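Me: I would like to learn how to read the features of a model like this one. Could you take me through it step by step?

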Amino acid sequence: MSTTSLTDRLGSLLMAPVHLLMRIIDIPLRAVQKAAGIGGMAAVFLAPNMLIFGIFVLLPLVINFVYSMTGGTAFFLSERNFVGAEQYQRLFTCTNYLDPMSCQEDAFWAAVGNTFWFVILQVALMIGLSLITALILNRDLAARSFWRAVFFFPVLLSPVVVGLIWKWILQRQGLLNFGLYQFGIEPYTWLTDRNWTFIATIGVSIWAHMGLYTLILLAGLQAIPKDLYEAAEMDGTKPARVFRRITLPLLAPNLLVVVVLALIKAVQIFDEVYVLTGGGPGTSTLYLTQYIYETGFASTLRNPGLAAAASILMGLVLVVLTLIQLGIGQRGEKEGETLMGVASRFILRRRGGKSWHWTDIVTWVWLVGGLIIMFGPAVWLAFSSFKTPAALAEFPPSILPYVTSQATVQGYDKPLQLFEAKMPDGSTKVLAEVRRIGLVAQMVDPTTPGEIVRVNINDRTPVRSVSFATENYTTPFTQFDFLRYLWNSVFVTVTATLITLIVNSMAAFALSKYEFRGRSLAMLIILATLMVPLSVIMVPLYSIISSLGLFNNLWGVILPTVATPTGVFILRQYMLTIPDELIDAARMDKASEWQIYWRIVLPLTAPALAVLAIFSVVWRWNDFLWPLIVLSRRELYTLQVGLSIYSGELNVQWHFILAMTVVTMIPVVLVFIFLQRFITTGIAGTGLK
């Protein structure tokens with residue numbers, strides 16, 4: 001039997017229970033279809049998404065306004081007293097709005113100022129770097145898929161992992177200071193100096209999120225017909241003019257989406273900064289989402305009403321900024337011409353020509369630099385996770401996990417470390433260290449240990465060999481609750497992803513293939529909530545979860561996240577490309593609406609489903625803020641929450657923290673390796689072109 005036939009039979013065997021379940025579901029739905037007609041089935045397909053969406057998104061939006069008009073520390077509205085606009089008045093009571101210390105809520109205005117400058121600097125740099133990278137990746141490159149994966153890789157990592165990676169790199173004895181040390185520059189205190197810490201958060205967030213925006217822009221570039229470029233080249237049009245007249249106008253929809261998404265993400269920055277700095281030192285990296293979280297949940301002087309008022313103001317700012325950005329996007333591409341004109345001259349200079357140009361050298365410098373910057377920290381983390389605590393404390397650090405060799409010496413109870421020492425006559429000899437006093441080490445020859453030899457520590461080097469400390473990985477499985485956290489994350493991720501695919505594909509099917517009253521309104525409501533991040537509704541959403549008995553329950557983490565407007569949008573746009581004639585033919589063959597959805601529409605939507613599956617796995621596996629709010633019992637922690645807790649409790653045990661960080665990276669990396677080929681083609685087919 002061939003391998004192909006064996007794989008097919010195995011796949012059929014695994015899918016048999018699924019097909020049986022679909023047939024069982026089809027029985028009652030046929031009865032519903034007979035009673036309601038084909039048009040009435042739109043409500044059936046749309047109902048699950050809208051029910052979840054209404055309970056966990058729309059209802060919290062309404063309740064949030066009520067919360068902002070109440071006072072007290074209780075979460076249930078029945079236990080809160082009405083205070084009117086007192087919370088808003090408290091937020092806006094200032095002598096000088098530019099001086100947070102003159103305000104009643106000084107932390108709020110410090111967070112506003114930090115968020116403002118973070119958004120301005122981070123979004124501008126993010127868009128510029130993403131666009132340049134996308135243009136470079138769109139050239140005729142060898143191994144383009146590899147380079148695309150390199151820049152997308154950090155997007156797969158959870159914010160907790162990102163925070164821990166850079167917390168490790170930016171510490172005083174970290175990799176960045178080691179690089180500076182090579183040039184004779186004294187180490188910086190990146191995470192304790194107020195000015196440098198703010199800059200570090202901007203750099204880390206760009207590193208973590210730039211890959212997604214690059215991919216969206218790359219999908220738009222690849223959707224531009226190549227014959228337009230060929231015609232322009234035949235006319236002798238200069239590359240910069242091609243960029244202004246062809247590339248930028250046709251890329252404008254993708255660019256606008258990227259700007260809006262980057263803006264929304266920057267305003268609600270929380271996770272990686274919370275792990276990296278905790279908002280400090282002082283309030284130098286305290287941003288709005290962390291202020292809302294600490295005011296509503298984490299503070300000893302808890303005030304959910306004040307947090308709700310702050311979240312409403314944050315939501316209004318997001319809406320206004322997005323509308324302004326949409327208005328700017330309608331005015332044309334003149335600003336983009338100035339912004340990217342210079343870059344386009346070298347990026348687009350060569351499109352597969354036979355001879356090398358200096359711009360090709362710049363391109364490869366950019367790619368190799370990107371490989372080091374985007375992928376290097378993860379490699380450094382992986383190697384460091386196999387080091388012993390002593391090796392981790394070394395400065396300057398080593399890339400590989402070295403350990404100093406030891407020898408058992410007669411007359412000494414414990415093994416002694418071996419060094420290659422320079423002797424007075426200029427020769428070298430391997431000696432064992434007995435003790436060290438200041439700059440002088442007392443050493444002995446392991447073969448003749450009777451005589452003590454005094455050696456200056458600068459005249460010796462340790463005898464070392466590569467050794468992988470595998471106990472860094474095994475110990476947490478036996479001594480901590482890591483396996484429990486791992487199982488919780490797997491359950492949440494798999495369950496939420498399956499429900500997300502089913503619920504959102506059903507809604508997308510209804511919104512793309514049925515004509516019914518209110519279809520445009522339903523789609524508008526779903527898309528409008530793209531501008532409503534979790535930080536805007538987390539106070540009332542917590543109250544709803546508690547009322548439903550889902551607090552300290554993994555289902556409380558799963559259900560609020562499955563009806564995603566992004567998922568509906570991606571799948572609907574892709575389903576619009578499926579010919580209606582296929583569906584009409586199936587109806588003529590007496591196929592039920594459920595069979596059409598399951599047997600025709602879903603298989604044809606596989607690329608978009610793969611994209612949503614990848615995004616869902618990354619979102620659920622990496623989710624941190626919402627599980628942090630919903631789960632307070634340690635046995636229910638997801639991996640990200642547990643890792644964050646351990647990073648606080650095990651401050652000096654970096655060998656365990658780094659090893660567990662590597663483990664959390666593995667699942668999403670494997671998912672990406674198997675499904676990454678669908679990402680660009682899937683995005684290109686969802687209307688982002």
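Reply: Happy to. Let's begin with P281, which sits in the loop between α10 (271–276) and α11 (288–298); helices here are DSSP runs of H or I with at least four residues, strands are runs of E with at least two, and numbering starts at the N terminus. This is a predicted model, where local features need pLDDT of at least 70, side-chain atom pairs count only at pLDDT 80 or more, and totals for chains, interfaces and linings use all residues. Residues are numbered from 1 along each chain as its sequence is written, and side-chain values use heavy atoms, with hydrogens and water left out.

Me: What kind of peptide bond joins G280 and P281?

Reply: That bond is cis, with omega about -5°.

Me: Is N552 buried or exposed?

Reply: The general idea is a cut-off on relative accessible area: buried means under 20%, exposed over 50%, and partly exposed in between, with a 1.4 Å probe and protein chains only. N552 has 15%, so N552 is buried. K590 comes to 68% relative accessibility, so K590 counts as exposed.

Me: How do I read burial for a whole helix, say α21?

Reply: Count its buried residues. In helix α21 (residues 565–575), 9 of the 11 residues are buried, so this helix is largely enclosed by the rest of the structure. Among the buried ones are P565, G567, V568, I570 and L571.

Me: How many disulfides does the structure hold?

Reply: A disulfide is a pair of cysteine sulfur atoms within 2.5 Å, and the structure holds 1. This disulfide joins C94 to C103, with 1.8 Å from S to S. The link is right-handed, with 115° about the S-S bond, and C94 and C103 are both buried.

Me: How many salt bridges are there?

Reply: The rule asks for a side-chain nitrogen of Lys or Arg within 4 Å of a carboxyl oxygen of Asp or Glu. By this rule the count comes to 8 salt bridges. One of them pairs the side chains of E105 and R90, at 2.9 Å from N to O. This pair links distant parts of the chain, 15 residues apart: E105 is in the loop between α2 (86–92) and α3 (106–137), while R90 is in helix α2. E105 is buried, at 11% relative accessible area, whereas R90 is partly exposed, at 30%.

Me: Which residue forms a salt bridge with K513?

Reply: The partner is D580, and the closest N and O atoms are 2.9 Å apart. K513 lies in helix α17 (residues 482–513) and D580 in helix α22, so the pair ties together parts that are 67 residues apart in sequence. K513 is buried, with 13% relative accessible area, and D580 is partly exposed, with 43%.

Me: What about a salt bridge within one helix?

Reply: An α-helix has 3.6 residues a turn, so residues three or four places apart point the same way. Here, the side chains of R587 and D584 meet in a salt bridge, at 3.9 Å from N to O. R587 and D584 are separated by about one helical turn, because they are 3 residues apart in helix α22. Salt bridges with shared partners join D584, R587 and E593 into one network.

Me: Which residues make the nonpolar surface patch?

Reply: Patches take residues with over 30% relative accessible area and no salt bridge; like charges are joined within 9 Å, and nonpolar side chains (Val, Leu, Ile, Met, Phe, Trp, Tyr) within 5 Å. Accessible areas come from the Shrake-Rupley method with a 1.4 Å probe, and for residues only the protein chains shown count as cover. The patch, of about 510 Å², is made by F183, I185, Y188, W196 and I199. I185 lies in the loop between α6 (175–182) and α7 (194–222) and is partly exposed, at 35% relative accessible area.
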